[in-house]
Amino acid sequence: MDMFSKLTHLFQQALETREPSVNLLDSFVDHWKGITNYYIETTGETRPVKQTDIPWRLKQMLDILVYEEGQQGLEETGPCMEYLLQHKLLETLCTLGKAQYPPGMNQQVLVFFSKILVQIQKPMLHIINVYRPVQKLVRLCGLLGSQTEKEEAQFLFVVCSRVKQDPYALNYILEINKDNHSKRYISTSEDTEKGRSEETVPSNYPTVSNPASTSSPQQHSPTGSPSTIFPANAGLIHVLVKLCRSQKSRVALKAFESLLLLVSLPKEDTAVCLAESTPLCQLLAERLCELYSQLPATLEPADIHSFPQTHWSAPFSQNSMPESQSFPGSEHMERFFTWLDFLDHLMREAPKILAVKLAKEIHHCWLVGVLQNELLQMSEMGVLVNTALLCCSVRHIQSPAMVEELVSFLLGRHTQSEQRLDTESHVLRYQLIEHCDHISDEISIATLLLFEELLQKPHRDILFNLVLRNLENRCYVTRTLGGGDDCRHFTDTDPVEENEELEEDPFFTDMYGEDEFNSSEQLLHRPQLMREHRCSGQTQALDIVNSFLCLVPQEAKTSQHVQGARYETYVHDAHEQFKECTAFLVDWDWPESLKPTELTVSSSDFFEGHFLKVLFDRIGRILEQPYELNLQVTSVLSRLAVFPHPHLHEYLLDPYIILAPGARSLFSVLIRVIGELMQRIEVIPNFTEKLVHVRRQLMGLDGESGVDHMPLLKGVIILEEFCKELAAIAFVKLPDNNKLAEH
């Protein structure tokens, strides 16, 4: 055992006393000469490169370089690396790979470049004899019919990873036309022509652009094609976008990930460089337009609306789409929405300046250049399919930059109150709102779904543009002689006056004497919540809730006949929606109380706006419209009612405001509907029994059977549920009741 230990020690001594630098360099040079001699000694060789010793020699050279770096200091360059740089070995290898001699040589070169960039730790991409061959090799990637897509994708991913580590290296990798790029982002001619192949990287090597240069990049027109603005085969960006189209999922995934690495570079100057001096944004937007144009015109709207929202990387996994979700055109839809979600993810990860640039490019190329004409076309089927696709797209979009452009495209930037006859200031907005009241119920439902999706976006201008700008001056309220609002004041000492309004209305005559008023649906107690009603729209809680609960007459109610259909079932959902809406309000700067009315503004000038007008018109026809359409109209109005803006709350949920002449509110529209309902009930025998039967049919409790007046009966059921939902919303919006709603 002792003898064995002595022998081991002697061998270690022998290894440690040898001259590694001389032997390593000789070995490194020998392996390189072995490669070059192959080309001198052989001609017309048809054997694949894997059947030669070239792959082995390249591996030995790489191992030597890695070992040498481990023996050197951080700021030192070993003799083998010096040899590689001085003799331009990478340049030569790139030329050999381009020649594809012997067959398969390009693959070996890509693998060698990838490994050397991964395994050598010192920064390299700033060295001219490294970044120039890297640029050349990049241009050899993404060619039509390439057999090395896998190796190309890995090589480009490695390059982007090195750039992520050292953002300044992006200046050396991107081949940017100097006419379209300032000197701030490229090295000077003196730097690039120096003999930098021999220099090592100093410890204080910069990772941002030179602050001494302050010129800004020249702007280019977004209407131009990337091929006319930027040089052909412009390098890394072009190749990555090409590889994103690969049929090989792993290749495409690597290209996607490489683009993510590039756009997420944290430095502002690199973001400006990518935004203004590369075709990145144009190429990404054009790919989106291309994929949209490939969507079949025969897609079913139901399939579009039910299409699942998936992460952009999900399709690259095996069995990405279950067969149950497959339908004609589903593959095209998957490709389009994968790319859209990827772009949205890019904009969330990218610095703001790059995200805004990409969003504007998508706005110009896709929204205005393609989608606008499709939405304004005469074909009803075309309008229906494209509206459904836009609705699904809105659901996918989350990035603030893209939401901003979406709002600008759909609604415009107008801030003044709408005029009743104005249909030209933003044609698309007006047409989309009119489509909510289209002769085709399918188009109406699809467009209402679009607005509902839009109202779920955390953007202040959406609600302001559609509704709030028209309620800003509160012209819907009657002015008193003293110049104020005619608001009702209820106090603890005046419990009778609060019911005078309802008692004067014939529709409420018998309601307060029924068990309804004292049933379990009355969650609020009068003494507990009696307090002064301020002219702020926050009418006393009991009156608001019970006004909506008592709106539908007893003979038209079905809740008491079906288990689990009472008012309380809506409170939890209303509370969740309220929390979601209030989460938006951090930066919205909404007022906490009503704005005083202005004497200079005439109440006769009030117009609720085109959006609310269409919704009110639809609600006014709730007794004669299809069930699915009524569901969607009430869903949009409920969403609006949840928002805690004092003017919106007053206008939609306060039954006691005194409306200006010619003005109408949601409650006044519902009163008219109830009046019509009372008249129709009188001429339909056994109305309540038929209504309960239809209710049970809708719940799947009874089998289908022929019932007269089916649209009316379904409309009455929707009306009852809508009133309960509004009562629940009014309940949870009051501060004293918000905590109670959580339980």
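User: Is R474 buried or exposed?

Analyst: R474 is buried, as its relative accessible area is 1%. Buried here means under 20% relative accessible area, exposed is over 50%, and partly exposed is in between (1.4 Å probe, protein chains only). Keep in mind that this is a predicted model, where local features need pLDDT of at least 70 and side-chain atom pairs count only at pLDDT 80 or more, while totals for chains, interfaces and linings use all residues. Residues are numbered from 1 along each chain as its sequence is written, and side-chain values use heavy atoms, with hydrogens and water left out.

User: Where does R474 sit, and what is its phi?

Analyst: R474 is in the loop between α23 (460–471) and α24 (500–504). Its phi is positive, about 55 degrees, although R474 is not a glycine. Helices here are DSSP runs (H or I, at least four residues), as are strands (E, at least two), numbered from the N terminus. For background, most residues other than glycine have a negative phi, and most peptide bonds are trans.

User: What about N686, buried or exposed?

Analyst: N686 is exposed, with a relative accessible area of 54%. N686 also has a positive phi, about 50 degrees, without being a glycine, and lies in the loop between α31 (666–681) and α32 (687–698).

User: Which residues does the cis peptide bond join at P102?

Analyst: Y101 and P102, with omega at about -10 degrees. P102 is in the loop between α5 (89–99) and α6 (105–119).

User: Switching to aromatics: how many pairs turn up?

Analyst: There are 26 aromatic pairs in the whole structure. Rings of Phe, Tyr and Trp (its six-membered ring) pair if their centres lie within 6.5 Å; planes under 30 degrees apart are stacked, over 60 edge-to-face, and the rest tilted. One of them is F336 with F337, edge-to-face at 4.9 Å centre to centre and 75 degrees between the planes. Both F336 and F337 are buried.

User: What about W590 and F643, why edge-to-face?

Analyst: Their ring centres are 6.3 Å apart and the planes are at 70 degrees, so the pair counts as edge-to-face. W590 is in the loop between α27 (569–582) and α28 (610–620) and F643 in the loop between α29 (627–642) and α30 (646–653), so this pair ties together parts 53 residues apart in sequence. Both W590 and F643 are buried.

User: Which rings get linked into a cluster?

Analyst: Ring pairs link Y292, F307, F327, F336, F337 and W366.

User: Which lysines lie over the face of a ring?

Analyst: K254 lies over the face of F157, 4.0 Å from the ring centre, and K714 over the face of Y627, at 5.7 Å. The rule wants NZ of Lys or CZ of Arg within 6 Å of the ring centre and within 35 degrees of the ring normal.

User: How many disulfides?

Analyst: Zero, counting a pair of cysteine sulfur atoms within 2.5 Å as a disulfide. C244 is buried at 9% relative accessibility, and C581 is buried at 0%.

User: Last one: what does E152 touch?

Analyst: Leaving out residues up to four places away in sequence, E152 touches L110, L140, C141, G142, S146 and L243; contact means heavy atoms within 4.5 Å. E152 is in helix α8 (residues 149–165) and is buried, with a relative accessible area of 1%.
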